[in-house]
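Visitor: Hi! Could you walk me through this one? I have a few quick questions.

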Amino acid sequence: MAEDYYSLLGVAKSASADELKKAYRKKAMEFHPDRNPGNKEAEEKFKKVSRAYEILGDDAKRKLYDQHGEAAFDPNMGGGARGPGGGARGADPRDIFEQMFGGGGFGDIFGGGGGGGESDESGEDLRVDLKVTLEEAAEGVERKIPYRKHVPCAKCAGSGAEAGSKKVRCPTCKGHGQVIRSQGFFQMRQTCPTCNGQKETIEKPCKGCSGEGRVVAESSVTVRIPPGVDTGTKLRSSGNGSAGRRGAAAGDLYVYVTVQEHELFERDGDDLACSVPVKFSVAALGGKIVVPKLRGKTNLNIPAGTQGGTIFRLRGEGMPPLRGSASGDLLVRVDIDVPKKMSDKEKEALKAYAEACGDEAAPVSESWRSKFKKFFP
């Protein structure tokens, strides 16, 4: 009995085109022969799910399948919907798979590098993580960063060959740089594992680097951190990654920045924010207070009657922009400073103020009471 195509893909009969595509991608990757070398059962399942998607992924074929089942595509049953060239089996599973994944070659998808071009022997890109203070992020800073990377082998000057040795044609790929690998009904062209696509091998590999032309060593680089960086900023130092094999170009070094938390300021993009305690008398009568900035300090006018939680914006006193021309702002939040200890004189003065305000009779303001009068009958 023929297997149900919807069941093969693990979807409902009402599945949308996108759901079918996602289901096929998952199944095809799971059963692909490159991921299951020598597994005939996986290879057969790969063929079946490819066949199922060939039919259900085409609106016209799907309609016929829903009406008549697989018999609609069987020439022996008189079905009229055949695949390319009149065959009942339809498209090659490999063609379906490549259409789904862009046709870049199986090696590109699974990391085998078998897409048709020669192997890239360039050195690897490297990553280092760097922590800076908020002040350093604002001003910019230079940092010397130590790290480990591949460097050209000193013994062979990066050639990978012993002195007097020469290069010979690769015996595995016969100088083509690629080999053809058969897997079931597939034939795939892949980078030669012996010469890594270089078409040649070294007659006598360097003993210092085993023919790689590079060794791992301690290194360092001085990096300029520009003003305005934030956590997540990525900087590239070209050519300071690992050296390539046998004299090939070096990779790049990527510096990932983390800005440490500050004890006073919080950051939101290019804006900075801080809370400043203000004495009750200053908030009530008005006055000036000293406000800290990331660089120095400034005076801030507090209008009479300022309430706790009021935020004042100081334009241009935030962080410099990493890109652009306008700096961020400094947001100053007022916190009313209630004294924990008072002298007898201060207490008497405050009691006199409370009596003058009628605080004993009305513990809350009349405007607040009017909003919540049901709680204060």
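Visitor: At the start of helix 3, which backbone nitrogen does a side-chain oxygen of Asn39 reach?

Guide: That would be the backbone nitrogen of Glu41, which the Asn39 oxygen approaches to within 3.1 Å. Keep in mind that this is a predicted model.

Visitor: Noted. How many residues does helix 3 have, and what does it span?

Guide: Helix 3 covers residues 40-56, so to speak 17 residues. From first C-alpha to last it reaches 24 Å, close to the 24 Å expected at 1.5 Å a residue.

Visitor: And which of its residues are buried?

Guide: Quite a list: Ala42, Glu43, Phe46 and Val49, and then Ser50, Arg51, Ala52, Tyr53, Glu54, Ile55 and Leu56.

Visitor: What about Asp129 and Arg127, buried or exposed?

Guide: Asp129 is exposed, and so is Arg127. Their side chains also form a salt bridge, at 2.9 Å from N to O.

Visitor: Where in the chain are the partners Arg313 and Asp329?

Guide: Their side chains meet in a salt bridge at 2.9 Å, N to O. This pair links distant parts of the chain: Arg313 belongs to strand 14 (residues 311-314), while Asp329 sits in the loop between strand 14 and strand 15, 16 residues apart.

Visitor: Changing topic: how much space is in the largest pocket?

Guide: About 450 Å³. The lining has 14 residues, and Phe280, Ser281, Pro339, Met342 and Leu350 lie nearest the centre.

Visitor: Which elements give two or more residues to that lining?

Guide: Helix 8 (280-285), strand 15 (330-337) and helix 9 (344-357). Helix 9 gives the most, with five residues.

Visitor: And what is the lining made of, by class?

Guide: Eight nonpolar residues, one polar and five charged.

Conventions. Residues numbered from 1 in each chain as written. Predicted model: local features only at pLDDT ≥ 70, side-chain atom pairs only at ≥ 80, totals over all residues. Heavy atoms only, no water. Helix = DSSP H or I, 4+ residues; strand = E, 2+ residues; numbered from the N terminus. Expected span 1.5 Å × (residues − 1). Buried < 20%, exposed > 50% of the residue type's maximum accessible area, 1.4 Å probe, protein only. Polar contact = N/O pair within 3.5 Å; in protein donor to acceptor, adjacent residues only side chain to side chain. 1 Å grid on protein atoms, 1.4 Å probe; cavity = no way out; pocket = protein on both sides within 12 Å on 5 of 7 lines; lining within 4 Å. Points joined across faces, edges and corners; volume = space filled by probe spheres on them. Nonpolar A, V, L, I, M, F, W, Y, C, P; charged D, E, K, R; others polar. Salt bridge = Lys/Arg side-chain N within 4 Å of Asp/Glu carboxyl O.
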